[in-house]
Amino acid sequence: QSFRAYIIPYFFGWFLLRRSAREMRENAEDFLNQLSNSEVFLKEFVSYVECQSKEKFDLQEYFQKRPRVLHCTTKFCNYGKDPGCEAYAESEAVEDSYSKAFTLNVVALFVTPRTVGARVLLNKHQEVLWPKGQERDEGEDSTEKADLPFGSRAHITLACAPGVKAVQTGLDLLQILKLIEEGKQPTFQVDLQKGQLCCYGEGQCILNLTKPIEVKTIFSGFYP
Ligand code: 2AM
């Protein structure tokens with residue numbers, strides 16, 4: 001039996017520093033407030049959510065479940081139970097980057113009836129920490145479909161609907177990006193303060209920011 005001198009974390013990722021986390025939360029709040037003021041958005045969105053009273057639907061209340069520590073997951077390990085964790089943990093990229101500072105670029109905010117997230121565009125220094133296979137299409141006929149570009153799934157979960165697990169945020173982002181890649185045109189668009197919101201049906205919308213948001217982070221492991 002080989003001896004390992006470290007414990008594999010629950011997950012690896014970039015963790016937002018306090019000031020960046022505060023800015024990101026303010027941006028998320030602002031995003032939801034603006035969506036709440038858009039009749040065209042709400043009208044469609046409400047028809048895809050489960051709530052008691054559609055008339056009294058409140059977006060901020062609906063998305064109450066928010067992560068305590070904002071982060072961009074690179075590798076989910078479940079303390080070593082997930083495949084490929086040991087190789088990832090021992091990789092040169094992880095060893096070199098552990099506890100180092102990174103500035104991530106948030107290029108879009110997105111919302112679906114399940115999750116709210118921020119899309120992160122990785123640069124080449126950050127891509128070395130991104131595991132392979134995260135962009136795999138897990139749909140029925142996935143063998144025939146090409147994966148989305150490497151790193152497409154990178155995101156920060158900002159909020160989830162009741163009963164929805166955080167892992168859903170990345171899958172929701174992939175689904176939106178897939179629709180865009182397939183050439184689907186938005187069913188409607190809304191001009192918001194920070195850019196144009198493009199909606200692709202079933203309450204899935206993405207706001208491409210005219211000015212990306214830079215967030216300061218530390219790459220580390222998370223051990224709750
Ligand atoms: P997230 O990255 O979309 O927020 C702890 O659960 C963290 O690991 C969360 O941040 C969560 O989602 C992420 N996570 C959980 N299960 C995962 C999986 N199977 N693949 C990738 N990330 C996962």
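**Pocket, cavity and surface patch**

Strand β2 gives the most to the lining of the largest pocket, contributing five residues. The model is a predicted one, and this pocket has a volume of about 820 Å³. Its lining is made up of 29 residues, and those closest to the centre of the pocket are His71, Thr73, Phe76, Ala166 and Val167. Besides β2 (71–76), the elements that give two or more residues to this lining are β5 (155–160) and α7 (167–181).

A pocket is open, whereas a cavity is a space that the probe cannot leave. Rolling a probe the size of a water molecule over the atoms shows where empty space is left. The structure holds one cavity of 30 Å³ or more, and about 50 Å³ of space lies in the largest cavity. Helix α1 (residues 18–36) gives the most to the lining of this cavity, with four residues. The residues that line the cavity are Asn27, Asp30, Phe31, Gln34, Leu109, Leu192, Gln193, Lys194 and Leu207. They divide into four nonpolar, three polar and two charged.

On the surface, Ile7, Tyr79, Tyr98 and Tyr223 form a nonpolar patch, and together they have about 420 Å² of accessible area. One of these residues, Tyr98, sits in the loop between α5 (92–97) and β3 (101–111). Tyr98 counts as partly exposed because its relative accessibility is 33%, a value that falls between the 20% limit for buried and the 50% limit for exposed.

Methods: Residues numbered from 1 in each chain as written. Predicted model: local features only at pLDDT ≥ 70, side-chain atom pairs only at ≥ 80, totals over all residues. Heavy atoms only, no water. Patch = residues over 30% accessible without salt bridge, like charges linked within 9 Å, V, L, I, M, F, W, Y side chains within 5 Å. Areas by Shrake-Rupley, 256 points an atom, 1.4 Å probe, with all protein chains shown as cover. Salt bridge = Lys/Arg side-chain N within 4 Å of Asp/Glu carboxyl O. Buried < 20%, exposed > 50% of the residue type's maximum accessible area, 1.4 Å probe, protein only. 1 Å grid on protein atoms, 1.4 Å probe; cavity = no way out; pocket = protein on both sides within 12 Å on 5 of 7 lines; lining within 4 Å. Points joined across faces, edges and corners; volume = space filled by probe spheres on them. Nonpolar A, V, L, I, M, F, W, Y, C, P; charged D, E, K, R; others polar.
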